[in-house]
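Good morning, and thank you for joining.

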Amino acid sequence: MTVFKNIPTFVLTVACALLISSCAKEETNKTEQAEEGYEPTPLALQTPVLFQEKLDSPVIPADNPQTVEGVALGKKLFFDPILSGNNTLACAGCHIQEEGFSDSRQFSPGIDGVEGRRNSMPLFNLAWNHKETFFWDGRAISLENQALEPVIDPVEMHNTWPNAVSSLQAAPEYPELFAKAFGTSTIDSTLVSKAIAQFVRTLISGNSRYDQYLRGEIELTQAEQNGLNVYKDEERGDCFHCHGTPPNNLLWTDNDFHNNGLDKTFDDLGRGAITGDPREFGLFKTPSLRNLAYTAPYMHDGRFETLEEVIDHYSEGLVYSETIDPLMKAVGEGGVQLSEQDKQDLKAFLLALSDESFINNPDFQNK
Amino acid sequence: MKKHILLVVAALVLVACKDVDEAAVLNPNRNVTFNFTQNWEGDEITNADYQTTEYTNAHGETMTISKLRYLISDIAFTDENGDSTIIKGYNLVNAREATNTQYKPAKKIQEGTYTLSFTFGFEKEDNIDGAYPDLTSADWNVPEDLGGGYHFMQLEGTFIDNTGTVAPYLYHTIRAANKTDDALELQDTSFEVDLGTVTVKEGVVYEIKMDVAEWFKNPNEWDLNELNSNLMGNFGAQLKMSENGRTVFSLGETTIVEE
């Protein structure tokens with residue numbers, strides 16, 4: 001009787017055991033499958049039509065194609081503080097979507113509360129940086145290499161790669177996610193950087209008021225149109241030589257390095273500190289003018305809190321130094337001496353390059 | 001009968017092959033390479049010279065060079081009958097960064113003797129706004145207000161002005177544009193550069209030299225105090241720069257490189 005009484009329990013136990021065993025096998029099979037020639041799902045970049053028409057193809061390395069699983073993993077890593085030394089700071093801690101994936105603080109504090117010395121760079125349209133130099137000083141060649149640095153920077157995430165990899169390897173979900181993304185559950189820093197780079201390449205901004213204007217959907221205001229004229233006018237703004245010529249260069253940067261007349265002497269050598277070439281002391285990457293409404297403060301050191309200050313700098317605040325770019329042609333007069341009306345209109349135009357749909361895009365949110 | 005037909009066909013095939021082989025042997029198509037070099041009155045300009053070496057231009061100003069980029073297009077090989085083989089396309093030279101200083105077109109040229117020429121900048125029909133995305137990536141465009149299209153050259157640096165002050169210059173050449181309230185007059189300022197007679201052989205490399213001093217010398221002696229920046233919108237300056245450009249280029253060494 002006792003045996004019969006226990007039969008249902010026995011059957012249930014066996015069934016559960018079989019189920020668990022089956023699930024475990026499935027997990028093992030998934031990983032094994034991933035390691036035995038599994039191919040992740042290709043994912044095309046969502047490239048705006050205007051970019052397709054006007055810009056060269058985006059830079060996607062042959063050894064790191066975009067995939068659904070790679071981008072998903074990169075996004076998870078981007079928002080996960082697990083990469084930092086004390087599990088408190090993610091990439092997203094200093095690259096905030098609402099701020100154009102930059103940081104409204106002049107200098108972002110790292111995990112130890114120590115501030116860096118440069119303003120966090122905005123992240124968008126980086127797949128179209130055909131010169132492939134990243135950071136304000138261009139020290140990283142390729143997005144993958146760029147992604148490696150903040151993790152081990154002592155004033156940022158202050159970790160070591162062996163420690164970061166060990167944390168990921170021990171986390172319950174990551175080995176399988178890496179297997180899905182790259183066909184192996186054995187994690188290393190290269191794969192982490194590849195995944196993050198894939199996600200960063202998806203951060204595309206191409207729907208500003210000016211883009212809408214080019215697509216024939218809206219008209220620019222009179223102030224915006226006048227501001228565009230100031231931007232393109234060699235004798236007034238002459239912004240296009242460094243920030244690109246509309247309507248073709250929709251990146252709004254030449255992705256090159258310039259000394260734009262900020263200082264007489266340099267506390268930060270910028271590009272010159274990387275190349276060791278005195279002719280490049282005080283040169284910094286030209287930032288994009290897209291999304292300026294969200295990316296204050298401005299300049300490599302975030303010295304200007306407002307666009308008015310930026311425009312005033314080019315209008316009457318230029319300072320001579322030996323490496324100043326000849327494009328700062330009016331340095332002898334302190335700048336290009338814009339009228340107050342031109343300044344206001346230029347600001348209006350610059351704000352028309354901001355893309356509200358980018359900073360609200362749910363695909364880029366931590367969900 | 002069948003045998004005879006077979007023999008005739010075989011003979012025809014052999015003859016045909018012989019004809020093709022003879023043509024190929026007599027005038028094979030060859031790869032050609034162009035090396036672009038820059039000098040100041042014969043002194044080579046190397047990377048180390050940018051921003052550091054001082055030159056004196058024809059008008060007497062001491063000047064330095066910080067940037068030199070220029071575009072050439074449609075290299076042509078013209079034979080003695082006046083028939084031209086044109087290498088359609090363009091090459092944007094960045095002299096300071098030494099990118100595209102060697103140009104190896106895909107098109108091959110038949111062995112022989114030719115007159116070699118190219119276009120400085122883009123001819124009117126090729127200077128199409130936004131048509132070349134790689135040139136947009138290189139930030140080489142010209143605003144629509146000035147006719148759009150592309151720069152032909154960006155030569156930049158500093159000079160000592162007539163007050164003894166270091167001042168910048170931006171010697172940018174484009175298609176000349178005369179903008180008035182009512183209209184935009186455009187004038188093509190690209191020009192053909194004739195480099196003289198060359199022989200095409202296997203592995204031939206032609207050096208194309210730019211003497212930067214000539215941009216400031218001939219026929220218009222250039223006063224940087226008067227014309228130093230905002231030259232893109234200066235119709236008259238563009239015409240003068242185009243005139244000065246005619247004597248800038250010359251054929252340098254012709255070498256043979258084993259492939």
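The contact between the chains takes 18 residues from chain A and 24 residues from chain B, where two residues are in contact if their C-beta atoms, placed from the backbone, lie within 7 Å. On the side of chain A that touches chain B there are four nonpolar, six polar and eight charged residues. In these classes, Ala, Val, Leu, Ile, Met, Phe, Trp, Tyr, Cys and Pro count as nonpolar, Asp, Glu, Lys and Arg as charged, and the others, Gly among them, as polar.

A word on conventions. This is a predicted model, in which local features need pLDDT of at least 70 and side-chain atom pairs count only at pLDDT 80 or more, while totals for chains, interfaces and linings use all residues. Residues are numbered from 1 along each chain as its sequence is written, and chains are lettered from A and ligands numbered from 1 in the order in which they are written.

Let me turn to chain A. Its domain assignment gives domain 1 (49-204) and domain 2 (209-358), with bounds that come from an automatic or database domain assignment. The C-alpha centres of these domains of chain A lie 26 Å apart. Across the boundary, 24 residues of domain 1 of chain A are in contact with 27 residues of domain 2 of chain A. The domain 1 side divides into eight nonpolar, eight polar and eight charged residues.

Helix 3 (residues 68-79) of chain A packs against helix 7 (residues 189-201) of chain A at an angle of about 100°, with their axes 7 Å apart. Axes are lines fitted to C-alpha atoms, for helices over the stretch in contact, and angles run from 0 to 180 degrees between N-to-C directions. Helix 3 of chain A is therefore roughly perpendicular to helix 7 of chain A, a term that covers 65 to 115 degrees. The residues of this contact between helix 3 and helix 7 of chain A comprise nine nonpolar, three polar and two charged.

Which angle do helix 9 and helix 13 of chain A make? Helix 9 (residues 222-232) and helix 13 (residues 340-351) of chain A pack at about 100°, with their axes 7 Å apart. Helix 9 of chain A is thus roughly perpendicular to helix 13 of chain A. Their contact divides into eight nonpolar, three polar and four charged residues.

One backbone detail in chain A: a cis peptide bond joins Ala296(A) and Pro297(A), with omega about 0°. Pro297(A) lies in the loop between strand 4 (284-285) and helix 12 (307-316) of chain A.

Now to chain B, which is divided into domain 1 (1-29) and domain 2 (31-256). The C-alpha centres of these domains of chain B lie 49 Å apart.

Strand 6 (residues 67-78) and strand 7 (residues 84-94) of chain B pair in the antiparallel sense over nine bridges; two strands pair if DSSP finds at least two bridges between them. Ile72(B) stands opposite Asn91(B) in strand 7 of chain B. Five residues lie between the strands of this hairpin, in which Gly82(B) takes a positive phi near 85°.

Finally, a cis peptide bond joins Asn218(B) and Pro219(B), with omega about 5°. Pro219(B) is in the loop between strand 16 (204-211) and helix 3 (235-245) of chain B.

How values were computed. Helix = DSSP H or I, 4+ residues; strand = E, 2+ residues; numbered from the N terminus. Parallel < 35°, antiparallel > 145°, perpendicular 65-115°, else oblique.
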